[in-house]
Amino acid sequence: MINGIVIIDKEPDFTSHDVVAKMRGICGQKKVGHTGTLDPMATGVLPVCLGSATKVCDMLADRDKEYVAELLLGVETDTQDVTGRILAEHRPEVSEEKVREAILSFRGEYSQIPPMYSALKVNGRKLYELARAGKEVERRPRIVMIRELEILECRLPAVRFRTVCSKGTYIRTLCADIGEKLGCGGTMRSLRRTAVGEFRLENAHTLEQLQQWKDEGRLAEAVLPVDGVFASCPVLHVRRDCSGLLDNGNAILPEQTAEKELYAPERWVRMYGPDERFCGIYAYEAGRKRYRPVKMFLEKE
């Protein structure tokens with residue numbers, strides 16, 4: 001079984017589930033999962049986890065994302081992107097200066113209402129299912145963080161911009177909100193995700209490339225080790241005579257590590273065996289003076 005992470009450059013018209021299905025075929029294994037769903041029209045970075053790395057999927061979902069998007073002013077659609085039904089069209093009689101000012105005003109925290117065409121659930125039903133049935137329900141606004149916002153090109157009525165944002169931010173809703181603020185409406189014309197945390201587009205591979213590498217016996221070259229996700233966490237090695245504790249996912253005492261280091265309570269550390277095999281993420285419990293397992297990544301054939 002392959003254990004690790006592959007960064008996919010998702011093509012348009014593929015769902016995230018489509019990508020997982022393709023990767024199962026390429027890798028010849030069922031244990032495959034994705035992190036951070038991308039809409040079918042969107043392209044770009046989609047980290048796919050293989051084998052024991054599927055345990056990291058929920059951890060990666062919290063990472064900031066970077067996107068390059070194109071906003072089309074003067075058009076409103078039911079999906080907030082150009083794949084939807086047009087609800088209204090307006091002549092965007094606004095200056096470039098006003099457009100720039102409106103877009104940049106969204107930097108920082110802002111309250112965003114999730115779109116009806118999304119996978120969020122209300123009373124057990126996915127919003128897009130309700131939307132397709134012609135129903136609209138009240139959605140609670142959520143605070144999202146727009147950490148960076150840069151206008152790359154302004155050719156009205158289209159504007160291309162780059163943004164870095166927090167988990168749960170809908171870029172098509174951001175486009176619609178910008179259009180609303182300008183009084184002319186707006187919709188998203190294109191979206192490309194360029195980064196998820198430390199995983200960047202320049203290290204991504206298309207499904208076609210991965211299939212070719214598989215045929216050439218080079219697929220392993222595209223697989224990143226799981227511990228790379230936690231590169232910022234300190235490293236501890238369990239002593240050889242205590243490695244059985246690690247293999248069973250037990251708590252580890254500081255004196256049972258080669259380093260005997262004490263770290264701040266609840267700070268994550270990477271725990272390795274004496275053979276440099278990455279086994280899991282641990283956190284120090286000050287009250288019990290031990291490291292407790294947070295998530296184990298023991299690889300089993």
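Predicted model: local features only at pLDDT ≥ 70, side-chain atom pairs only at ≥ 80, totals over all residues.
View 1. Welcome to the loop between β5 and β6, where Asp81 has its place. Setting aside neighbours within four places in sequence, Asp81 is in contact with Met41, Arg172, Thr187 and Met188.

**View 2. Gln80, with a positive phi.** Stay in the loop between β5 (75-77) and β6 (86-89), which also holds Gln80. Phi of this residue is near 70 degrees. Most residues other than glycine have a negative phi. Is Gln80 buried or exposed? Gln80 is buried, because its relative accessible area of 17% is under the 20% limit.

**View 3. Glu276, another residue with positive phi.** Here, too, phi is near 70 degrees in a residue other than glycine. Look for Glu276 in the loop between β15 (268-272) and β16 (278-285). Glu276 counts as exposed, because its relative accessibility of 53% is over 50%.

**View 4. A cis peptide bond between Leu156 and Pro157.** Omega is about 15 degrees at this bond. In general, most peptide bonds are trans. Pro157 sits in the loop that links β10 (142-155) to β11 (158-165).

**View 5. Ile8 in the largest nonpolar core.** This core has 45 residues, and Ile8 is one of those that touch the most other members, together with Met23, Leu50, Ile103, Phe161, Ile171 and Leu210. Which residues does Ile8 touch, not counting those up to four places away in sequence? They are Val19, Met23, Gly44, Val45, Leu46, Val48, Ala204, His205, Leu207 and Leu210. In soluble globular proteins, nonpolar side chains tend to be buried together.

**View 6. Asp58 in helix α2.** The helix covers residues 57-60. Asp58 is partly exposed, with a relative accessible area of 45%. For a sense of scale, Asp58 and Lys260 are 30 Å apart in space, C-alpha to C-alpha, and 202 residues apart in sequence.

Definitions and conventions. Residues numbered from 1 in each chain as written. Heavy atoms only, no water. Core = buried A, V, L, I, M, F, W, Y, C linked by side-chain atoms within 4.5 Å. Buried < 20%, exposed > 50% of the residue type's maximum accessible area, 1.4 Å probe, protein only. Contact = heavy atoms within 4.5 Å. Helix = DSSP H or I, 4+ residues; strand = E, 2+ residues; numbered from the N terminus.
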